[in-house]
Amino acid sequence: MTDRLALPRRRTRREEILEIAVELFATRGYHGVSMDDIGGAAGVTGPALYHHFAGKEAMLAAALTPVSEQLLAGGRDRVAAGGTPEEVLAALVGFHVEFALEHPAVIALHLHELDRLPPEPRREIRRLQRLYVEEWVAALIKLRPALDPAEARVLAHAAFGLMNSTPFLGGEVDRERRSALLRASALAALGG
């Protein structure tokens, strides 16, 4: 049996267009971007975008729903890997910090544009977010048994605020150091 290096999967045109839309929404705001703007940045006519998406709302939902799914899956994976309560919390923090540093535009969209979605996709994203928070709540209670679930939720949301600051961080500190600082700060805030 031979080992083969897996070639990176080539992005689809839909994924490329979605990435461009996310960047535009994050920098200009949802209402500051038209389908023609997205089409121009992607090198296609605005109407050609409708081949891939029903409209801007569909693009926003296509950008935000998978992010919430990925965060939940990643959080569950870190918890399932086990370890001491300190190790599990460190794994959750490390995962979230790296995700936020890798995807600052998507984090900005979550923070500022989620309410632009129609009710159904917004409800689904909020449901996924609540499930993700509960992974953190359970981990925090194992680390700090004196906390009740509501208190653990407060701490989790406070840590998310800190870790989700990535869209607002300048490049004056290199990525590796930003990661270390965000991890240390979040762990200090959560550890009590």
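This is a predicted model: local features need pLDDT of at least 70, side-chain atom pairs count only at pLDDT 80 or more; totals for chains, interfaces and linings use all residues.
Residues are numbered from 1 along each chain as its sequence is written, and side-chain values use heavy atoms, with hydrogens and water left out.

Helices here are DSSP runs of H or I with at least four residues, strands are E runs of at least two, and both are numbered from the N terminus.

Now, what makes an aromatic pair? Rings of Phe, Tyr and Trp (its six-membered ring) pair if their centres lie within 6.5 Å; planes under 30 degrees apart are stacked, over 60 edge-to-face, and the rest tilted. That rule gives 5 aromatic pairs. One of them is Phe-95 with Phe-99, a tilted pair with 6.4 Å from centre to centre and 45° between the planes.

Let's move on to Trp-136 and Phe-160. Their ring centres are 5.1 Å apart and their planes stand at 75°, so this pair is edge-to-face. Trp-136 belongs to helix α6 (residues 119–143) and Phe-160 to helix α7 (residues 149–163), so the pair ties together parts that are 24 residues apart in sequence. Are Trp-136 and Phe-160 buried or exposed? Both are buried. With Tyr-132, these two make up one aromatic cluster.

Helix α6 also holds Glu-135. This glutamate is buried, with a relative accessible area of 17%. Which residues does Glu-135 touch, apart from its neighbours within four places in sequence? They are Leu-72, Arg-76, Val-79 and Leu-92, where contact means heavy atoms within 4.5 Å.

Arg-14 is partly exposed, at 37% relative accessible area. Leaving aside neighbours within four places in sequence, Arg-14 contacts His-52, Phe-53 and Ala-62. Arg-14 and Phe-53 are 39 residues apart along the chain, and 8.3 Å separates their C-alpha atoms.

One more local feature: the charged end of Lys-56 sits over the ring of Tyr-30, 4.3 Å from its centre. For that, NZ of Lys or CZ of Arg must be within 6 Å of the ring centre and within 35 degrees of the ring normal.

Finally, let's step back to the whole protein. How many helices and strands does the protein have? There are 8 helices and 0 strands. The C-alpha trace spans about 55 × 50 × 35 Å along its principal axes. There are 192 residues, and 39% of them count as buried. If we take contacts between residues at least 6 apart in sequence, 65% join residues at least 24 apart.

Notes:
Buried means under 20% relative accessible area, exposed over 50%, partly exposed in between (1.4 Å probe, protein chains only).
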